[in-house]
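Please look over the model shown here, with attention to its strand pairing and its aromatic side chains.

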Amino acid sequence: MTDDAAGPLAEVSVVPEPSAAQLNERQVIDYRTEREHCLEWLLTFGKNPKRADGYAHSTVKNRASRMDQHYRWVWEQEGRYTTDLTHEHADGYLEYLARQETSNAHKSACRKALMMLYKWRHHKRGAEQWEPQITFSRSNQTTTPRDYLTREERAKIREAALEYGSVPNVDSVSGEKRERWKTYLAQRFEKPKSELTREDWERANSWKTPTLVWTSLDAALRPIEVERARTSWVDIENGVLRIPREDASKNSENWIVGLKDQTVEMLDRWLDQRRAIEKYHGTDALWLTRESNPYQSASLRSVLHRLCEIADIDTTDRQMSWYTVRHSTGTYMVREEDLAAAQTQLRHRDPKSTMKYDQVPVEARKDALERMG
């Protein structure tokens, strides 16, 4: 079956034969509609939606087939037809591409096609903006993380997490300063100032954000893993996270992930505090946003940028997402231990996925130049 599109999609294969062969008649119609909406938007708005500046016809034509290949990969992974693509699908596809014996030029072209597809989903389907966690180097030898926190930045982020959202002790402020803090707490907890209690002041200094940040720094948590995190994961006695197969990002096996002693102590305190917070009643979610929703990529990005502000970390010209935290853990775990340790801590099924962290950070290379003279 050859799909011949008309109008602006002339010469673009909207439903290529390999896809049509896998679908029934109803699914073909649904898939064609989905693809037409996407490809026509890319032609008209894709490059710069605010200026109605679209991609060239040749660009859309060349990348349309690579987008279609991604859909078919998703169908194979899910065992069914679907157009409900997720960031996990995109990240998983990049990891799949990284393991293929093909040129990095091909992999990079596939990545660009994915970015166009998920850009459309962000603008027209209401999906969160996708930030790829893998790039493909031109040297055709390895894949590299986009950005990561340095050792110094990791320490600053840990310290900033202890300051994030904190308020003074209720007994240490008075007068106008106390009134300002009461106004802040009333807005934060959405209640009249007259109804604020000592418990509200204490709740403002909860261990939620510090545990979320410190646990993510230790365990290199992906955004989806923060979203899925459950109280049952936390093993205080042994100082580890136990991530069951059904909750693991790649759904491949049970994982045991090490934590710092300080992180374990914070988690112990948080679990105790959490029991007294009403929005956690009836749920085993380890962390929820102020709006009682699970954390996702966008809300986590906001937390990270606020932490960087507190820590005075310049984010100009840096692509700072929650994966920046994960990448830093992978980079330094490889340096401090080895690829095997990093593979387990990062929960990679394939060691090739860990290879991208086997690189010397820039500050170490600068030190080497100083020593070399």
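The report below turns to the sheet and then to the aromatic rings of this predicted model.

**The sheet**

Three strands make up an open sheet in the order β3-β4-β5, and their pairing is antiparallel. Because β3 (234-235) and β5 (255-258) stand at the edges with a single partner strand each, one side of each is left without a neighbour in the sheet. Strand β4 (residues 240-243) is joined to β3 by two bridges, with D235 standing opposite V240, and these two strands form a hairpin with four residues between them, in whose turn G239 has a positive phi of about 65°. Four bridges join β4 to β5, where R242 stands opposite I256.

**The aromatic rings**

The structure holds eleven aromatic pairs, including the two in this table.

| Pair | Centre distance | Plane angle | Class |
|---|---|---|---|
| W73 and Y96 | 5.9 Å | 40° | tilted |
| W181 and Y184 | 5.7 Å | 85° | edge-to-face |

The pair of W73 in helix α3 (residues 57-78) and Y96 in helix α4 (residues 87-98) links distant parts of the chain, 23 residues apart; W73 is buried, with a relative accessible area of 12%, whereas Y96 is partly exposed at 30%. W181 and Y184, by contrast, lie three residues apart in helix α7 (residues 175-189), so about one helical turn separates them. W181 counts as partly exposed at 24% relative accessibility, and Y184 counts as partly exposed at 29%.

One aromatic cluster is formed by Y31, Y71, W75 and Y81. Elsewhere, the charged end of R158 sits over the ring of W214, 4.8 Å from the centre of that ring.

Notes. Residues numbered from 1 in each chain as written. Predicted model: local features only at pLDDT ≥ 70, side-chain atom pairs only at ≥ 80, totals over all residues. Heavy atoms only, no water. Pairing = 2+ DSSP bridges. Phe/Tyr/Trp six-rings, centres within 6.5 Å; stacked < 30°, edge-to-face > 60°. Buried < 20%, exposed > 50% of the residue type's maximum accessible area, 1.4 Å probe, protein only. Lys NZ or Arg CZ within 6 Å of the ring centre and 35° of its normal.
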